[in-house]
Amino acid sequence: MGKLGKKARKFAKKNLQSVLKRKRKLKSMFKKKGDEQDEAENLQEEQISKSNGRDLESENIEDAALDAVFSDESDVVEDDSESDGYLSEDSGCAYLDGNGSESNQDDMNVDNIGASELSVQNREILLELAGKRKKLKRLEKKDPEFSKFLESYENGLEKLRDEENFSDEDNTSDDGTQNPSKGSAILSKDKLLTSSALNTLCQLVREQRSISALTSLLNGYRAACHCGTEPSGLLDVDSCCGLQDSKTFSKILIFMLQEADNIFRGMLGISCSSCKKETILELKNTLKWKTMKPLIKSYLRSTLFLLNQVTDSEILAFSLVQLRASIIFFAAFRPLLHRLIKIAVHLWVTGEGCLASHSFLVIKHVASVFRSDCFNSCLIKTYKAFIGHCKFVDPVSSKHIQFLRNSFIELCSQDVPNSSSKAMVCVEQLAKILQMGLRAKKKEAVKRICSWQYTNCIDLWVSFISANIQDYDLKPLLYTIIQIINGVAVLFPGPRYLPLRLKCIQWLNNLSSSSGVFIPVASFALDILEYKTGKDNGKPGKDFNFSSSVKLPKHWLKSRNFQEKCVSSVIELLAMHFAQWSYHITFPELATIPLIRLRKFNETTTIESFRRVVKRFIDQVEQNIEFVQRKRDEVAFSPKDHQSVESFLQFEKSSANTRFTQYYKSIMEKAASRNLVMNQKISSMLQKKSKRKKQLLPNNTLHGGANNEVLEERKVDLSIDDGRDGKRVKKRKT
């Protein structure tokens with residue numbers, strides 16, 4: 001057979017099956033070789049990165065957030081019922097909750113298991129209903145008489161419902177109390193509650209414990225709490241359905257907030273002093289509880305809605321005080337309990353004065369009543385709120401941040417072992433961020449460490465350790481936080497970071513004083529004296545508040561005030577450090593090297609005021625060295641006798657009459673007075689700036705003020721029974 005022609009060979013290469021099979025085989029072989037080479041290269045890169053001790057994923061500083069240590073896992077079951085919140089007045093609903101159905105955890109679990117099946121069935125039903133609607137619309141268009149028939153049928157059904165709802169059958173339950181759906185003076189959404197009717201209902205509830213009257217009051221209370229939630233955001237009585245006027249609105253709010261807890265306890269037979277959640281859990285299967293459960297839930301839901309809408313701090317504080325007495329009832333309503341914690345934490349962080357204090361008392365009371373069930377939730381939410389709120393600090397907000405820190409430590413002190421485990425997780429996150437900064441020294445990493453959020457977090461756990469280390473074993477936490485503080489001080493050695501370095505030394509002094517562990521801080525303090533940024537006779541700069549900054553502006557480094565601050569801060573910090581060990585047997589050796597460096601600074605400086613301050617400090621330290629040396633020469637025990645070493649000069653320490661102790665007290669008093677004067681100057685400057693801004697505002701703001709006055713006239717007075725009238729209630733815009 002002869003050879004194929006050119007066109008035949010070309011056709012064979014393209015279309016014959018044997019040729020195509022060979023091509024596919026070769027292609028797969030080349031692909032396998034390429035994949036093997038890629039995998040080998042990836043493995044080699046991973047080995048190189050591990051050998052260098054670098055984890056590329058861990059170098060992403062943005063992933064290391066301070067609050068990322070606690071996940072957002074929550075066992076909150078949202079109370080997302082479509083009910084409007086009004087209590088049912090149907091006699092068959094006596095044992096239903098505020099949503100119109102019995103809220104049982106077992107039923108919820110069953111619903112979760114069959115959720116997928118129900119969703120499929122729901123879709124089929126919806127499709128079927130949509131088809132029927134289309135058919136009805138077609139019939140309405142074709143036959144107008146049919147649409148009239150439907151309307152008449154619906155009107156007849158509504159009349160029948162109204163007759164059933166407002167029937168006046170006089171029936172009572174087995175325990176002698178009236179059913180919530182039966183009796184007179186029952187409020188519905190479309191029924192107006194007058195002042196006289198309100199007085200009658202209050203009297204029935206107080207004297208006869210009438211459940212029907214209480215149901216009407218709770219429906220009116222619900223209407224009052226939801227009053228003004230329209231887009232206007234104003235608390236307008238005209239928009240409050242079911243309430244006659246402002247007096248009715250005010251009275252029903254005051255009555256329910258003040259009397260609801262006593263009424264519920266009286267009907268359930270609970271003593272006013274009982275604060276245990278087990279009391280409610282024991283009543284869950286009784287007939288009384290099944291009758292009262294929807295009423296209690298309605299009250300709690302309405303009050304939480306009020307707390308979430310009102311902006312007046314006094315109204316919020318009053319509501320929190322009254323609600324705190326009813327916290328045990330939240331044991332039966334877990335979703336509402338978690339909603340209460342969320343609202344209380346928000347008000348604690350954003351509120352001021354009494355509002356923040358009462359919010360924290362609610363959080364603390366919840367943590368103590370529900371213990372391990374809610375303590376972790378309260379602790380995590382308050383920590384995240386504190387971290388999120390302390391990103392920026394100024395002279396005004398520093399006091400509030402200090403309050404937040406102290407209250408958080410008080411919460412942690414309720415369960416120190418549990419809190420210490422959470423603290424260790426947070427401190428390890430701080431160490432991770434610091435490790436990234438020391439290794440990479442990138443701008444983002446350094447900026448994350450030199451921030452108010454990072455420093456306030458360190459300050460928080462330093463305060464926690466200092467408050468509890470005497471009673472609990474917190475040494476692992478202590479040593480970790482000491483290493484973090486030392487790392488921060490080493491990472492920022494420059495003069496612009498003087499405020500941050502001073503904070504580090506203060507933290508170490510506080511930890512040493514509370515724990516009794518010696519922490520060397522003299523070298524960190526004496527390094528400040530070596531800052532040379534300007535001439536000795538520089539001009540005095542503007543007043544600067546060190547408490548509201550972690551980094552100094554460049555122009556302030558050349559001022560005389562900066563040099564004075566350096567010297568005075570070193571003397572104060574060293575005096576605090578030496579005062580802790582001034583009665584210890586090793587004080588002469590402890591003070592030797594710092595004295596050498598102080599004498600060197602005293603010889604080199606040309607400013608007389610600095611020389612005078614440093615010389616006096618050196619003299620006081622030398623006198624204390626002589627005193628300790630003289631007492632040490634009189635003892636007969638050896639350094640190995642640790643018990644005798646610890647008891648050395650304990651009598652003199654308790655009396656605190658030595659010269660160095662008196663000198664240290666005078667130094668601290670001068671520093672406190674100096675800081676007070678500085679804060680007064682800065683506050684006066686801020687007030688002047690605010691006045692200037694107000695004067696520079698355009699004249700158009702007068703019209704806005706006039707509009708606000710008109711809006712104020714439409715708001716309702718809520719007079720609390722503490723002698724103060726005319727409290728304005730404002731509502732947040734929804």
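Tryptophan 461 and phenylalanine 464 both sit in helix α18 (residues 452-468). They are three residues apart, about one turn of the helix. Helices here are DSSP runs of H or I, at least four residues, numbered from the N terminus. Both tryptophan 461 and phenylalanine 464 are buried, meaning under 20% relative accessible area with a 1.4 Å probe, protein chains only.

This is a predicted model, where local features need pLDDT of at least 70 and side-chain atom pairs count only at pLDDT 80 or more. Residues are numbered from 1 along each chain, and side-chain values use heavy atoms, without hydrogens and water.

## Aromatic pairs

Rings of Phe, Tyr and Trp (its six-membered ring) pair if their centres lie within 6.5 Å; planes under 30 degrees apart are stacked, over 60 edge-to-face, the rest tilted. The count comes to 15 aromatic pairs. Tryptophan 289 and phenylalanine 333 form a tilted one, 6.2 Å centre to centre, with 35 degrees between the planes. This pair links distant parts of the chain, 44 residues apart. Tryptophan 289 is in helix α10 (residues 287-309), and phenylalanine 333 is in the loop between α11 (313-324) and α12 (334-350). Both tryptophan 289 and phenylalanine 333 are buried.

The ring planes of tryptophan 461 and phenylalanine 464 stand at 85 degrees, with centres 5.8 Å apart, so that pair is edge-to-face.

## Packing against α16

Helix α18 also packs with helix α16 (residues 416-440). Their axes, lines fitted to C-alpha atoms over the stretch in contact, are 11 Å apart. The angle is about 145 degrees, on a scale from 0 to 180 degrees between N-to-C directions.

Trp461 and Phe464 are among the α18 residues in the contact, which means heavy atoms within 4.5 Å. Val416 and Leu434 are among those of α16.

How values were computed: Helix = DSSP H or I, 4+ residues; strand = E, 2+ residues; numbered from the N terminus. Buried < 20%, exposed > 50% of the residue type's maximum accessible area, 1.4 Å probe, protein only.
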